[in-house]
Amino acid sequence: MAMTDLAHEPRTPSLPISGMLLVKLGRVLQRRFNDALKPSELTPRHLQVLDELRQGPMSQQALADRVSVDPTKLVGLLNDLEGQHLVLRRRDPADRRRHIVENSREGEARVDAALAAAAAVEDELLAGLDGEQRAQLRELLVLAAESSGLSDPCADPAIDAATEEQDVRGEVV
């Protein structure tokens with residue numbers, strides 16, 4: 001019986017699992033987003049809050065729900081943004097227990113610049129795709145997110161927790 005040298009047998013390259021590709025791309029994208037946002041002094045989470053507030057003034061509770069963050073963590077984010085004069089908070093005259101939050105003029109300008117930087121990162125990452133393919137990719141990602149039970153395809157508590165930990169440490173998790 002002859003021994004076979006397995007090292008010399010040709011192997012069929014395996015295709016990566018889609019989920020693993022998404023994880024790898026997510027890590028690359030997260031790192032690039034963080035780098036692109038540094039000049040704006042915003043984290044991805046800050047940008048998410050400012051972007052959501054572009055819809056108009058809303059209560060802190062509504063904002064917490066819309067960005068899928070614990071209300072106590074939102075207070076810290078809003079403190080950061082208020083300290084940079086990017087958001088305004090005021091008591092709701094109809095219910096003094098509630099705070100209404102909105103972007104300041106400076107916040108609107110900063111979110112515009114930060115979104116432009118994020119879009120440039122996305123353009124770089126998706127440079128190999130044409131416009132139709134990019135639209136199709138987005139549709140497929142939204143469908144996959146919705147079918148996995150995410151009520152908001154752009155928010156995942158597990159990912160958000162990792163992002164919050166990363167934001168605190170300033171590194172990719």
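## Fold, strands and a helix pair

Of the contacts in the protein chain with a separation of 6 or more, 55% are between residues 24 or more positions apart; contact here means heavy atoms within 4.5 Å. What you have is a predicted model, so to speak of local features pLDDT must be at least 70, side-chain atom pairs count only at pLDDT 80 or more, and totals for chains, interfaces and linings use all residues. Residues are numbered from 1 along each chain as its sequence is written, and side-chain values use heavy atoms, with hydrogens and water left out.

On to the layout. The protein chain has seven helices and three strands, in the order α-α-β-α-α-β-β-α-α-α along the sequence. Helices (H or I, at least four residues) and strands (E, at least two) are DSSP runs, numbered from the N terminus. Buried residues make up 28% of the 173 residues, where buried means under 20% relative accessible area, exposed over 50%, and partly exposed in between (1.4 Å probe, protein chains only).

Now the strands, which pair if DSSP finds at least two bridges between them.

| Pair | Bridges | Direction |
|---|---|---|
| β1 (residues 58–59) and β3 (residues 95–103) | two bridges | antiparallel |
| β2 (residues 87–92) and β3 | six bridges | antiparallel |

M58 sits opposite V101 in β3, and D92 is opposite D95 in β3. A hairpin of two residues connects β2 to β3.

Next, a helix pair. The axes of α1 (residues 18–37) and α5 (residues 105–125) come within 9 Å and cross at roughly 145 degrees. Those axes are lines fitted to C-alpha atoms, for helices over the stretch in contact, with angles running from 0 to 180 degrees between N-to-C directions. On the α1 side, the contact is made by L25, V28, L29, R32, F33, A36 and L37, and α5 brings A114, A117, A118, V121, E124 and L125. These residues divide into 11 nonpolar, no polar and two charged; Ala, Val, Leu, Ile, Met, Phe, Trp, Tyr, Cys and Pro count as nonpolar, Asp, Glu, Lys and Arg as charged, and the others, Gly among them, as polar.

H46 lies in helix α2 (residues 44–52). H46 is buried, with a relative accessible area of 7%, and touches L77, D80 and L81, leaving aside residues up to four places away in sequence.

Finally, confidence: pLDDT is the predictor's confidence in each residue, from 0 to 100. The chain's mean pLDDT is 84, and 80% of its residues reach 70 or more. Among the elements, α7 (residues 157–169) has the lowest mean pLDDT (43) and β1 the highest (96). Over residues 155–173, pLDDT stays under 50.
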